[in-house]
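Please keep the model open as you read.

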2 protein chains.
Amino acid sequence: MQLHSFFNSSTSYRTRIALALKGVPFDYVPVNIRTGEHRDAGYVDRTNPSAAVPALVDGDFSLGQSLAIIDWLDVRFPSPKLIPDDLDRRARVLELSYLISCDMHPINNLRVLRYLDQELRVTPEQKSAWYRHWIDEGMAAAERLLAKYGSRPWCFGDTPTLADCCLVPQMANALRMGCELDEYPLSQAVFRHASEHPAFAAAQPSLQPDFVSP
Amino acid sequence: MQLHSFFNSSTSYRTRIALALKGVPFDYVPVNIRTGEHRDAGYVDRTNPSAAVPALVDGDFSLGQSLAIIDWLDVRFPSPKLIPDDLDRRARVLELSYLISCDMHPINNLRVLRYLDQELRVTPEQKSAWYRHWIDEGMAAAERLLAKYGSRPWCFGDTPTLADCCLVPQMANALRMGCELDEYPLSQAVFRHASEHPAFAAAQPSLQPDFVSP
């Protein structure tokens, strides 16, 4: 199995966590989204028509979109289960996962920040304020969901789920961009707990083969 | 059952389609996101900590995030099934659904367009170009996915799925914003087919009780 990944991509990071939690071995295929390798015709035609990372390849089968990949992995390799079967718990896990993957991450990803720079010519201060605004709005919502429905030490109880696979890369990204996250103690507690877990540690950007320091 | 919804919200529209396809009766509770009702403390505390529409309420249970709601509905009311059980078909349905709901919709929704207006003070031309850019990037990817994996008359075969529930509102939104979509014939064929289906017709913004004409 191959994972086409970029070290700093939060969506790649999610799938690396899921693969590590399940102990599924894979070959890491770097795709440099900074230089536009995800738009190369060969990659788009053969591997991922979405022209994005990550993509999972298993023989003739290839699949894009991190949450679709994790859903697929969760059926193929059900231990540990990351998307619970129990209806209520499943709903809570998906709700928080989608808050992060739909309401937060897309607005602050590389292509959007580049558009702000290159097309709208915003100042560095405006770009930072943009990034911070969506982080704060999203983290405040995540914190409310955790306060109402969560239970420690992971987002929803004793075992990590898709929600943790989404929350940890989002918070790592925000910290890397210089955001303080002290206002979000429930999320911080999950983040600290995850940092000590070998699967979450192994998936972090600085340990990937294509890592380059800032 | 109640659906907290705004007529023009694409994510509300998705859940209305799913409810209509399944024939689940519900009370429509309007939440005016233009005037900020989704941020009212009572709504956030009691109904949706994410401070967004849609939200589904069933007795003591309430749930936000359109895709989490549709997943929950698909378990509770499995006929017709919108997220297939078959592993490969499921992967394709989720991949396209996430392309739309993660890569396209969030960047062009009301709160982001308002931020462009109010904080970044972009011109109307810059805002239109922004909207069009992300529509074109996403629709081109959707078209490639349909060309490679789709089959008519719906996105993935003979029955509508979550992918159709996501694609149709996204395209309706783009058309409302004045985008031409003729470059995307496979998506257009799905859109035309859906327009003739009673569930998709019933869910459209202009037929909702809170509809106001532009």
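The report below starts with the interface and ends with the cysteines.

## Where the chains meet

This is a predicted model. In it, 51 residues of chain B are in contact with 50 residues of chain A. Putting the two together buries about 4,500 Å², and carbon and sulfur atoms give 59% of that area. On the side of chain B, Pro49(B), Arg111(B) and Tyr115(B) lose the most area to chain A, together 14% of what that side buries.

Across the interface, 21 residue pairs are in polar contact.

Which elements of chain B give two or more residues to the side that touches chain A? They are helix 2 (41-46), strand 4 (61-64), helix 3 (66-76), helix 4 (87-104), helix 5 (110-118) and helix 6 (124-149) of chain B. Helix 4 of chain B provides the largest share, twelve residues. By class, the side of chain B that touches chain A has 28 nonpolar, eight polar and 15 charged residues.

## The cysteines

Over all chains, the structure holds zero disulfides. The table looks at two cysteines in no disulfide.

| Cysteine | Nearest cysteine sulfur | Distance |
|---|---|---|
| Cys165(A) | Cys166(A) | 6.7 Å |
| Cys165(B) | Cys166(B) | 6.7 Å |

Cys165(A) counts as buried because its relative accessibility is 0%. Cys165(B), at 0% relative accessibility, counts as buried too.

Key:
Residues are numbered from 1 along each chain as its sequence is written. Chains are lettered from A and ligands numbered from 1 in the order in which they are written. This is a predicted model: local features need pLDDT of at least 70, side-chain atom pairs count only at pLDDT 80 or more; totals for chains, interfaces and linings use all residues. Side-chain values use heavy atoms; hydrogens and water are left out. A disulfide is a pair of cysteine sulfur atoms within 2.5 Å. Buried means under 20% relative accessible area, exposed over 50%, partly exposed in between (1.4 Å probe, protein chains only). Contact means heavy atoms within 4.5 Å. Buried area is the accessible area (1.4 Å probe) that two parts lose on being put together, summed over both. A polar contact is a pair of N or O atoms within 3.5 Å; within protein, one must be able to donate a hydrogen and the other to accept it, and residues adjacent in sequence count only if both atoms are side-chain atoms. Helices (H or I, at least four residues) and strands (E, at least two) are DSSP runs, numbered from the N terminus. Ala, Val, Leu, Ile, Met, Phe, Trp, Tyr, Cys and Pro count as nonpolar, Asp, Glu, Lys and Arg as charged, and the others, Gly among them, as polar.
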